[in-house]
Amino acid sequence: MFSAILIDKTDTGQKVEVTRLDEAQLPEGDVLVDVHYSTVNYKDGLAITGRSPVVRKFPMVPGIDLAGTVVESQSPEWRAGDSVVLNGFGVGEVHWGGLAQKARLKGEWLIRLPEPFTPRQAMAIGTAGYTAALCVDALVDFGITPERGPVLVTGATGGVGSFAVILLKKAGFTVVASTGKLSETDYLKALGADEVIDRAELAEKGKPLQKERWGAVVDSVGSHTLVNACAQTRYGGAVAACGLAQGPDFPGTVMPFILRGVSLLGIDSVMAPREKRLKAWARLARDVEPAMLDAVAHEISLAEAIPAAEEILAGKIRGRLVVDVNR
Ligand code: NDP
């Protein structure tokens, strides 16, 4: 038996509780993992609260991330004792996820725990940090260089935003962090932000083309913020769009794309192919110092992950929530 958060449907919506499950109930997979740490990402917040139809199969163990040790494997790639990390692949949405002491998974979904990190540190990064790395890789591969001008990061105190600030600074960019929490200016500057701006500047409908400010953008917010970010991007720049914390809409015009040659780069972490994942984690392994992880991460217990879901959707969490599933 093991402990897990379980989401189940009820007549009025859904029920979420910490419960005891039998290993025999685990879904199919060729690798059984003892989970050490998981996380609460924005998407886990949507799943646990039922605010959005993230969970597509009930009952569901949420948790799109996990770090743990292989206990049994029929996969040729993995052996008992291997330290592994999982991000996405529909885990916590259609396949039981990481907010549990055990998980049975497909071997092809796993990557080896990146060299410098402990399981807890890998989860301080989690899908949010790995997505930030995908965004930075996309901008760099596109050809964005520091000479192109400052890079705007929206939702900067969030999980994706915090890691985007760290990674962009390490890559030599001037970083401008947009936040609704100006009280966290010192936090953002410690991560590497050169300037901090109030997100209210970007939150409302604006003109289709605005003063050219950014060489590139990492946006985890969507809606008017993403539209304004595109409208303020310099000629030939690029905007990596990965999130929807303000909204999933894109209430804009094509003007920045057709008059300034701005490119919108879509970023998906869930089904990203293995080579992109390994490249993103290699950037994280190279550029994220353990001391930074202490600043970004806040540890909670399995039961505390349930109320934390509301808080992350309310935009109240700074940095990352790491879940010790064994307490
Ligand atoms: P967090 O909740 O940690 O961060 C989101 C941040 O966005 C908040 O901290 C806040 O930052 C800002 N924000 C919240 N509400 C609003 C609002 N109404 N208007 C403007 N800004 C707001 O979430 P994550 O970092 O985990 O995820 C960020 C987004 O990225 C989510 O939408 C998530 O679903 C998406 N995502 C997508 C992935 C993909 O594969 N494409 C993978 C991972 C995440 P501040 O207070 O500093 O402004």
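Hi everyone, let's start with helix 2, which has a kink of about 65° centred on Gly 126. The bend at a residue here is the angle between axes fitted to the seven residues ending there and the seven starting there. Helices (H or I, at least four residues) and strands (E, at least two) are DSSP runs, numbered from the N terminus.

A word on the source: this is a predicted model, where local features need pLDDT of at least 70 and side-chain atom pairs count only at pLDDT 80 or more, while totals for chains, interfaces and linings use all residues. Residues are numbered from 1 along each chain as its sequence is written, and side-chain values use heavy atoms, with hydrogens and water left out.

Back to helix 2: 18 of its 24 residues are buried, meaning under 20% relative accessible area, with exposed over 50% and partly exposed in between (1.4 Å probe, protein chains only). Just after this helix, Gly 143 has a positive phi of about 115°.

Now, which residues touch the most other members of the largest nonpolar core? They are Phe 163, Leu 168, Trp 281, Leu 284 and Val 288, in a core of 53 residues. Helix 2 (residues 119-142) gives this core its largest share, 12 residues. Domain 1 (2-113 + 290-324) and domain 2 (127-266) each supply at least three residues to this core; the domain bounds come from an automatic or database domain assignment. By nonpolar core I mean a set of buried Ala, Val, Leu, Ile, Met, Phe, Trp, Tyr and Cys residues joined through side-chain atoms within 4.5 Å.

Apart from that core lies another, of 44 residues, including Val 35, Val 61, Ile 300 and Val 325.

Leaving out residues up to four places away in sequence, Trp 281 touches, among others, Val 85, Asn 87, Phe 117, Gly 126 and Tyr 130; contact is heavy atoms within 4.5 Å.

Finally, some backbone to check on screen. Most residues other than glycine have a negative phi, and most peptide bonds are trans. Phe 58 and Pro 59, though, are joined by a cis peptide bond, with omega about -10°, and Pro 59 is in the loop between helix 1 (42-49) and strand 4 (65-73). Phe 89 has a positive phi, near 60°, in the loop between strand 5 (83-87) and strand 6 (102-105). Ser 223, in helix 6 (residues 223-231), has a positive phi near 50°. Buried or exposed, Ser 223? Ser 223 is buried, with a relative accessible area of 4%.
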